[in-house]
Structure formats: C-alpha cells, structure tokens
Amino acid sequence: MNFRRWHKWLSLVVATQLVIWLGTGLYFALADHSKAAGNTYRQPIEPGHQEPPARLADIASLPVKNAKAVRLFYLQDMPFYLVERHTSAHASQPRDTAVFNAFTGTPVQLDESMIKAQAQRSYSGPGNVLSVRLTESPVAEIPGYRNAAWAVTMDDALATTIYLRADTAQIIAHVDDPRRLRNLMFKLHFMDYANEGSFNNLFSQLFGLMALLLTLTGIWWLFRIQKARFSRRYPRKPSPAQASL
Amino acid sequence: MIAFSRRWHRRIMLFTGLQFLLWTASGLYMVITDIHFIHGETLTTQQKPDIDWQQVKVSVTALLSEYPKASDVSLSMHAGLPVYRFRQTDDNTWTMVNATSGEAIPQLSQSQAEAVALASMKAKVSVVEVTLFIANGPEEVSSRHLPYWQVTFEGWTSPTLYVSALTGEIVTARHVFWRAFDWMWRLHIMDWDDGADVGNLFLLIFAFSGLCAALMGAHLTIFHVKRPVKKWIKG
C-alpha cells in the first residue's frame, strides 16, 4: 500500500473530525472570549465586611480531628470556617470539607436562601431566580468539576444558570447560552464525548495519530506532485557531452 | 467540479500544509501526555500534613486584632509548625504568622526554601540551583506569585519547584515536558509570542483556509473511494 492509498483511507476515517477540528478552531479564533466564558451577566462580589469581627470561635475548639487546612471566609458579612480534610491539586477536583459558623463553632449547611442571595450578588442581568437546586458531581454543564454544586437558574434571555460550590457558595461559573456553545465547541474539539472535561482520551489520541499520518502522507504526496510539475515545466537539458553522442 | 477541488486542495495545502503538520503534531503531543503529569502533580506529594492542634496557641480573634487588614486567612502546617497565612488588603501582600508564638515569619531564606522544595518532592533528587526572584521572574511562572524561590533539581527533565518566599507554599512545578507542552500550545494556536491570544489573525486565516482545503479534500476522498486512485492516475 503506497502513501496515496494511506492518504485516501486515512482521510476517509478522519475527514469528519478534521472538519470539526478546523471549524471549532475557527470558532475559537472568532469568539468573544469573555461572553463565551459566561461572563455577560457576571459581576465580581465585593467583600462586605470592613472591620474584623469582635470575637470568633477558637479554631482549635472545632469538632474536627484531622484537618489539612482551615480557612476563614465570609458569606453575606457572616464569618465561616472551611475545614479541609482532604484536598487535591486543583479546586475542581474532589475535596472533603466541612463548614462551621465562625461565631459559634457549630457545623452549618448553607441553605437555599443564602445560595440564592450569593448568586444574585454575582449577577448583573435583568432576570429573576427561577429555581435553586443542589446537584451532585459530575455536573454536566461544568465538565471537569468533581464536587457537589448549587445550580441557580435565572429567567433571562441567555438562560443563565449560576453554579456555586456546595460547601462555600463560591461562584464556580455562570453558564449561559454563549457558554453552552463554547462547551459544545470544546467537547467537539477535544473529542470529549464522555463529557469528562479532558482532552486526554482514547478518541483524541487515535484520531490525533491518524491526522498526523494523514498530514505526513499528504505532504509527501504534495512534494511528489510539485516535483513532477517542476520537471515538466523545466525539463532537464542533455549535457553537451550527451548531446554529441 | 472534482478538478476544482483537486486544484484548490493542492494549492491551499501548499500554503497551509506546514501548519497542518504543526497542528497535528502539537495536538497529538498534548492529548497523549496526561495533563496532571504536565502540571507537575506527579512530581510532588499532594497530601499536606494534618494540623497539629496542640501547637495552635494563637486564636483567629487575636490574629485579626493584630492584623485588622487581614483577608483570606488560613491555618495549616509549614515546616512542622502551624502557621496563619493571609493577604493584607492595604498593600495586597501575603504574610505568614507562627500560630504558636504569634510572631510574623520573615521571608524564606535560601536554605528554608530548599528544605520546603526537598520535602515536597516525591523522588529523592539533589538540588542543582536555588535562585530568588523578587521583581521579575521567568516567563514560565505567573508574576502574581512573586517573590519566589526557584529550586531546580538534577535530572534530564530539569524538574523545578517554585516556592513562595512569603507563604512558603509550592506555587508551581515545571519540567521539560511542561515546557514542551507550552511550546506545543503556542504552535497550536499560532501565537508564538506568549501563547496568550487564541483570537489572532494568523489562526483565523489558516483555520479558514484549512477548513476550505479539508472540505475539498473530503470531496476528493468521496470521489476516490468510488474510483480508486490508481485508476484515476492511469486515466
């Protein structure tokens, strides 16, 4: 089997994905990256507290034995302790945490009203809250995120859903229609058809290898065509010695 | 129609062929190397030590009365001691305070940074070089982590850990495969300068012309699957 046949049969397998790679690549080159990230109606949450609270519960008195770190954070001017029992290299990876009221030292679960208020503080759009629900990992619209999250749905024209960490109510992302389009483009470009939020998958590896072979055989074919065209256009003249024979 | 596709597939590929090679080679590199390995997560121990509660003598209340501008306060272990780390909102700098004595911990010395880096490495390797960067640092680390110590270890992959001089934390890990990945990314998005701009004109032009060439190539493929290349070449 020669390189031309290789090129033909590889292209038969890879063609659709190659067009998808180039089409999605074109999208990435053209997209407004701030809007595509879901930031149309996102605004930073200004820290509310100005003065340190008078007295907080002693960290050492919290009912936890094993903790890697304890963090003080504020939610709507209320102080909380986040106890990290297990952490990963990235915040999106699984982590084992507990949250305590920093005034009383008692464990708390953030409720819907706090989540709703926090989501609204991050939102600058015209919509109102439609629903608030707790979702378990994995969350389809934020691939790669591996912890529980709150989803606050807004009734705006972009169908914005605000995702917040289940433990701290930290904003993970605003997912609206432009972001859903970007998610789809990433899924197609990375061949992440299992929605794992990763390009390290067997599909992309196999098709990546075939695309490289397709390119190499194509370049070789192109080189041969150009060489033949050059020879036809500039045929080699016989040397004087050959001509005299 | 097929002659048009053949002619323009060849012509556009003369223009974009080399970039196709860069796209596919860089893309293949990026998908076959595990991203967690690239991020250096396999170089260092990910699990941090548990807080030694017996040693925690300073309360958060006492800390905040001493440092009223403290934000993002955390408590964890550093070099066998519990420490508070926080950001001062007035000048945006990070501070580390001993949670046993309440004393501020000064910037890490060279030997302290080296000890932190050595304790974090999974493999037993020797340190080759330790350098402090204060105002400007290498391109491979974000400047927001300054000031930091660069600790380079022996080995052909040149593993390098960056230790914050203020907080004593490992801020990032780099090695030859990360550096190669960074270059693959730049080649892939056609931003050879710093790899920060996906929306650049080169990528737009090459992706558009490449897409046209690929569609014409697909046309040729359908044609040649119906009619083998050999027959076509023979006429």
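Helices here are DSSP runs of H or I, at least four residues, numbered from the N terminus.

Some housekeeping. This is a predicted model, where local features need pLDDT of at least 70 and side-chain atom pairs 80 or more, while totals for chains, interfaces and linings use all residues. Residues are numbered from 1 along each chain, chains are lettered from A in the order written, and side-chain values use heavy atoms, without hydrogens or water.

Now the interface. Chain A brings 59 residues to the contact and chain B brings 58, contact being heavy atoms within 4.5 Å. About 4800 Å² is buried between the chains, 67% of it from carbon and sulfur atoms; that is accessible area (1.4 Å probe) lost on putting the two together, summed over both.

Which residues touch the most other members of the largest nonpolar core? Leu18(A), Trp21(A), Leu22(A) and Trp23(B), out of 31 residues. Such a core joins buried Ala, Val, Leu, Ile, Met, Phe, Trp, Tyr and Cys through side-chain atoms within 4.5 Å, buried meaning under 20% relative accessible area (1.4 Å probe, protein chains only). Helix 1 of chain A gives the most, nine residues. Leu22(A) also has contacts across to chain B, including Phe20(B) and Leu211(B). Thanks, everyone!

How values were computed. Buried < 20%, exposed > 50% of the residue type's maximum accessible area, 1.4 Å probe, protein only. Helix = DSSP H or I, 4+ residues; strand = E, 2+ residues; numbered from the N terminus. Lists of a residue's contacts leave out its neighbours within four places in sequence.
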